[in-house]
Amino acid sequence: MSKSTPTRRRTSNRSTKFSKENTEVRYNSEWLGKLTSYEIVRLCAHYRLARMLEHEDFRSRLAGNLPIAVHELLYPLFQAYDSVVLEADVELGATEQKFNLLMGREIQREYGQPSQVALTMPILVGLDGQRKMSKSLGNYVGITEAPSEMFGKLMSISDEMNVALL
Amino acid sequence: MWPYFDLVTDHTPEEIAALAAKVKSGSTHPMEMKMSLAQEIIAGFHGAAAAEKAAAEFQRIFRDQRGSYSNTGAEV
């Protein structure tokens, strides 16, 4: 994520590769860990419950009489707040992140910033060929893993996926 | 493996369709295609040399395994 600059940079390449040279890694604990209760309440005041409940996950659980804990409502707000702190121009995510990315746009506006561009990509299927690639599901290739580790994992891509998509 | 070509490499959809056709027609073995995919992805993160090395290492291990299997087969 880059900070907004007066003139937004244009990349002429077909793709931009992230590398150690052009990437700065920031952890949101840096700012979320310092939020005061006043700031958290102020953040919450910028969004409406009805809009929050439009989220597919919340909607389906409400419809199914399944519990939604209050802290779950904070997650998208904190993610949106990341965009405020970083003054994000663009936020990337898979399609299932659309709601959160759009919330970032709204919250940035609330904090007097121009809204970021939300860029979504299709969900990458995990090594099991069934579910989305996820660290918690363990079906992933880590981007910092050693080449040989990556090779072995990529070669284990399920045959089902090969057949299904041929 | 095709979603990986689509989402993790720089190939255009047309190029990917051409690669898929090669596998479908049998002119390229799926395993071979998967190896070039893996090599390409790794090159993006670790550089071409490291990717080549990983591919060679994988091939060596794979060959050794196959070798030991066929040896067992011969003995039986």
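1. Let's start with a residue in a loop. Asn65(A) is exposed, with 6 other C-beta atoms within 10 Å. A residue counts as exposed if 12 or fewer such atoms lie within that distance, so Asn65(A), with its 6, goes into the exposed class. Keep in mind that you are looking at a predicted model.

2. Where does Asn65(A) sit in the chain? Look in the loop between H4 and helix H5 (74-86) of chain A. The residue comes just after H4(A), and its phi is positive, about 55°, although Asn65(A) is not a glycine. That deserves a second glance, because most residues other than glycine have a negative phi.

3. How many of the eight residues of helix H4 (residues 56-63) of chain A are buried? The count is zero, so to speak a helix that is hardly covered.

4. There is another positive phi to look up, at Glu87(A). Here phi is near 50°, again in a residue other than glycine. You will find Glu87(A) in the loop between H5 and strand S1 (90-94) of chain A. Is Glu87(A) exposed or partly exposed? With 16 other C-beta atoms within 10 Å, Glu87(A) is partly exposed.

5. Two packed helices are described by the angle between their axes and the distance between the axes. For H5(A) and helix H6 (residues 98-110) of chain A, the angle is about 55° and the axes are 8 Å apart. That makes H5(A) oblique to H6(A). As for the handedness, H5(A) passes H6(A) in a right-handed crossing.

6. Which residues make that contact? On the H5(A) side, pick out Pro76(A), Gln79(A), Ala80(A), Tyr81(A), Ser83(A) and Val84(A). H6(A) answers with Phe99(A), Asn100(A), Met103(A), Gly104(A), Ile107(A) and Gln108(A). Sorted by type, the residues of the contact of H5(A) with H6(A) come out as seven nonpolar, five polar and no charged.

7. Here is the wider plan of chain A. The chain has eight helices and two strands, and from the N terminus on its elements run α-α-α-α-α-β-α-β-α-α. Of its 166 residues, 15% count as buried. Contacts in chain A with a separation of 6 or more are worth a look too: residues 24 or more positions apart account for 54% of them.

8. Chain B is simple to describe. Buried residues make up 14% of its 76 residues.

9. How do the chains meet? The contact takes 25 residues from chain B and 20 residues from chain A. On the side of chain B that touches chain A, the elements giving two or more residues are helix H1 (2-8), helix H2 (13-25), helix H3 (30-46) and helix H4 (48-75) of chain B. Which of them gives the most? H3(B) does, with nine residues. By type, this side of chain B divides into 18 nonpolar, two polar and five charged residues.

10. In soluble globular proteins, nonpolar side chains tend to be buried together. The largest nonpolar core here has 16 residues, and those with the most contacts inside it are Met150(A), Phe151(A), Leu154(A), Leu37(B), Ala38(B), Ile42(B) and Ala54(B). Helix H7 (147-155) of chain A and H1, H3 and H4 of chain B each supply at least two residues of this core. H3(B) gives the most to it, with four residues. Apart from this core lies another, of five residues, among them Ala80(A), Tyr81(A), Val84(A) and Ile107(A).

11. Which residues does Ala38(B) touch, not counting residues up to four places away in sequence? They are Phe151(A), Leu154(A) and Met155(A).

12. Last, a residue in helix H4 of chain B: Ala56(B). Ala56(B) is exposed, with 12 other C-beta atoms within 10 Å. The cut-off for exposed is 12 or fewer, so Ala56(B), with 12, still makes it into that class. Its C-alpha atom and that of Gln39(B), 17 residues apart along the chain, are separated by 9.9 Å.

Notes. Residues are numbered from 1 along each chain as its sequence is written. Chains are lettered from A and ligands numbered from 1 in the order in which they are written. This is a predicted model: local features need pLDDT of at least 70, side-chain atom pairs count only at pLDDT 80 or more; totals for chains, interfaces and linings use all residues. Two residues are in contact if their C-beta atoms, placed from the backbone, lie within 7 Å. Ala, Val, Leu, Ile, Met, Phe, Trp, Tyr, Cys and Pro count as nonpolar, Asp, Glu, Lys and Arg as charged, and the others, Gly among them, as polar. A nonpolar core is a set of buried Ala, Val, Leu, Ile, Met, Phe, Trp, Tyr and Cys residues joined through C-beta atoms within 7 Å. A residue is buried if 20 or more other C-beta atoms lie within 10 Å of its own, exposed if 12 or fewer, and partly exposed in between; C-beta atoms are placed from the backbone. Axes are lines fitted to C-alpha atoms, for helices over the stretch in contact, and angles run from 0 to 180 degrees between N-to-C directions. Angles under 35 degrees count as roughly parallel, over 145 as roughly antiparallel, 65 to 115 as roughly perpendicular and the rest as oblique. A crossing is left-handed if the near helix is turned anticlockwise from the far one by less than a right angle, and right-handed if clockwise.
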